[in-house]
Amino acid sequence: MASTRRLGRTTVFALIGGLIVTVSVMLGTVLLVLPGLFLAASFLFFIFAVSVEDRGIISSLRRSWVLARGSRLKLGVLIIVSALFSGVIGAISPLLTLADLSVAADIVTVVLTTVFFVPYYAIIAPAYLQLRDGEDASNRTTQNPVDASKIPEH
């Protein structure tokens with residue numbers, strides 16, 4: 001099956017690369033907050049480069065860096081909003097656990113995480129596609145987009 005052809009390799013690359021990105025962002029944040037935010041924005045598309053473009057670790061890091069160029073401020077804002085929301089989710093669970101509502105804490109955490117991260121990835125994935133396709137647009141032979149209205153409906 002084509003979709004699982006390189007699943008093991010892609011998973012290993014994602015884990016190793018994810019560790020590299022995490023350590024880099026953590027060190028950048030410890031030094032000063034802005035370098036960490038800069039690195040987080042720069043490597044935001046790493047997982048897409050590994051999984052969608054079937055690239056290796058170093059190639060995916062480079063690809064993410066290139067895709068983020070010119071959009072790091074907007075991506076940084078998205079990362080800050082994500083961090084703030086994650087902080088809220090992270091604070092709610094211990095408060096409910098302290099109130100002896102551990103089952104409610106688990107349910108609220110799962111629901112809030114789902115409610116936040118589904119739209120978050122619904123924003124990140126099209127951003128990746130837009131940046132990827134915008135970069136490739138200059139290399140295309142035709143400048144006209146496909147007219148979807150001429151595609152027959154079933």
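These legends describe close-up views of one predicted model.

Local features need pLDDT of at least 70 and side-chain atom pairs count only at pLDDT 80 or more, while totals for chains, interfaces and linings use all residues. Residues are numbered from 1 along each chain as its sequence is written, and side-chain values use heavy atoms, with hydrogens and water left out.

**View 1. Helix 1 and its cover.** Helix 1 has 25 residues. Helices are DSSP runs of H or I, at least four residues, numbered from the N terminus. From first C-alpha to last, helix 1 reaches 36 Å, close to the 36 Å expected at 1.5 Å a residue; the expected span is 1.5 Å times one less than the number of residues. Thr10, Ala14, Gly17, Val21, Val25 and Gly28 are buried in helix 1 (under 20% relative accessible area, 1.4 Å probe, protein chains only). Their cover includes helix 2, helix 3 and helix 4.

**View 2. The largest pocket.** About 360 Å³ of space lies in this pocket. A pocket is an open set of points on a 1 Å grid over the protein atoms alone, where a 1.4 Å probe fits, with protein on both sides within 12 Å along at least five of seven lines; lining residues have an atom within 4 Å of a point. Points are joined across faces, edges and corners, and the volume is the space filled by probe spheres set on them. Of 13 lining residues, Val21, Thr22, Ala40, Phe43 and Leu44 are the closest to the centre. Helix 1 gives the largest share of the lining, four residues. By class, the lining has eleven nonpolar, two polar and no charged residues.

**View 3. The largest nonpolar core.** This core has 24 residues. Such a core is a set of buried Ala, Val, Leu, Ile, Met, Phe, Trp, Tyr and Cys residues joined through side-chain atoms within 4.5 Å. Val21, Leu44, Phe45, Leu61, Leu75, Tyr120 and Ile124 have the most contacts inside the core. Helix 6 gives the most, with five residues. Phe45 touches Ser64, Leu67, Leu75, Ile124, Ala127, Tyr128 and Leu131, not counting residues up to four places away in sequence; contact means heavy atoms within 4.5 Å.

**View 4. Helix 5 and Ser82.** Helix 5 spans residues 72–98. Its buried residues include Arg72, Leu75 and Ser82. Ser82 has a relative accessible area of 10%, so Ser82 counts as buried. Leaving aside neighbours within four places in sequence, Ser82 is in contact with Phe116, Phe117 and Tyr120. Just after helix 5, Asp100 takes a positive phi of about 60°.

Key: Helix = DSSP H or I, 4+ residues; strand = E, 2+ residues; numbered from the N terminus. Buried < 20%, exposed > 50% of the residue type's maximum accessible area, 1.4 Å probe, protein only. Nonpolar A, V, L, I, M, F, W, Y, C, P; charged D, E, K, R; others polar.
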